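Open the model in your viewer and keep the selection tool ready. The tour goes stop by stop.

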Amino acid sequence: MGARLLLAPVLATLAVGVACGSAATRMPIDVPAGTAPTPEALVEADVGRLLGSDPAASRDALRTLASLDARGVAALSAHAARVPAERDPRWLEVLDAHGLVPPVTPEQRLAWALWQVAEPEPGRVMAGQARLVSLARTGPGLLVARLASPGTGRDAIAVALGDAGRIEAVPALLALYRQPGSPRERRAAALALGRLAGDDLRPRAEGGPDEVEADARRIDAWWHAQKESVDAQRPS
């Protein structure tokens, strides 16, 4: 019994020493350093944000994708090859920044232009308006038909038809002038009609129903006179 009492402090000291020794010799865990995402992964993530439903995130992704370096552009080109049918206007805008726009139909070009003119950036609005004028010069029928459907962008289309000198758009512009969806649409229609018919016949951008109708009738009479003159010159 006495021997046990004498050994107890020694054993306790040894136990502490072993425990401290184990802690002191514990090996650190070697965690490998994380790898940076590849340009392909970054582009794919940004394209997802670009085409997402969050407007702020989409605009941020557009800015990022429009300013890619050479490796990023290569990754973007490879991504575009995997989604050849994508024609979202935001996607076309990114591709256009790098000269990668694929063939697009007039309808897709119109949707792209209408997206541009609705954006808050002035440079993008100007590019969209220029695209609308180009469409009006090459194929006004698409834009004239669009004027008959309520929706955003009709004011920009009206101005484009006037800038392009498309006299055949007068009936559609008169319809928009008489029954616009907003005061802005009436102002745009009045501006376009004035450019086509001349300042002397420019209709009022604002006025009461009787004034608007009187201006519209003067333009309508001018239009029919122009049409009859053209028809008379056609070979029978």
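Start by selecting Arg90 and Asp88. Both residues are buried. Their side chains form a salt bridge, with the closest N and O atoms 3.0 Å apart. Bear in mind throughout that this is a predicted model.

**Next stop: Arg204 and Glu211**

Show both side chains. Arg204 and Glu211 meet in a salt bridge, at 3.5 Å from N to O.

**Then helix α12**

Select residues 209–233, which make up helix α12. Now pick out Glu213 and Arg217 within this helix. The two sit 4 residues apart, about one turn of the helix. Glu213 and Arg217 form a salt bridge, and their closest N and O atoms are 3.2 Å apart. Check the exposure of each partner. Glu213 has 26% relative accessibility, so it is partly exposed. Arg217 has a relative accessible area of 56%, so it is exposed, because exposed means over 50%.

**A network of four**

Move on and select Asp46, Arg49, Asp60 and Arg63. Salt bridges with shared partners join these four residues into one network. Side chains of opposite charge can pair when their charged atoms come close. How many salt bridges are there in the whole structure? A search finds 17.

**Last stop: the largest pocket**

Rolling a probe the size of a water molecule over the atoms shows where empty space is left. The largest pocket holds about 290 Å³ of space. Its lining is made up of 18 residues. To find the centre, select Val117, Gly153, Asp155, Ala156 and Arg184, which are the lining residues closest to it.

Now colour the helices around the pocket. Which helices each supply at least two residues of the lining? They are α6 (106–117), α7 (122–138), α9 (154–163) and α11 (183–197). Of the contributors, α11 gives the most, with 5 residues.

Finish by colouring the lining by residue type. The lining of the largest pocket divides into 8 nonpolar, 5 polar and 5 charged residues.

Technical notes:
Residues are numbered from 1 along each chain as its sequence is written. This is a predicted model: local features need pLDDT of at least 70, side-chain atom pairs count only at pLDDT 80 or more; totals for chains, interfaces and linings use all residues. Side-chain values use heavy atoms; hydrogens and water are left out. On a 1 Å grid over the protein atoms alone, a cavity is a set of points where a 1.4 Å probe fits but cannot get out, and a pocket is an open set with protein on both sides within 12 Å along at least five of seven lines; lining residues have an atom within 4 Å of a point. Grid points are joined across faces, edges and corners, and a volume is the space filled by probe spheres set on the points. Ala, Val, Leu, Ile, Met, Phe, Trp, Tyr, Cys and Pro count as nonpolar, Asp, Glu, Lys and Arg as charged, and the others, Gly among them, as polar. Buried means under 20% relative accessible area, exposed over 50%, partly exposed in between (1.4 Å probe, protein chains only).
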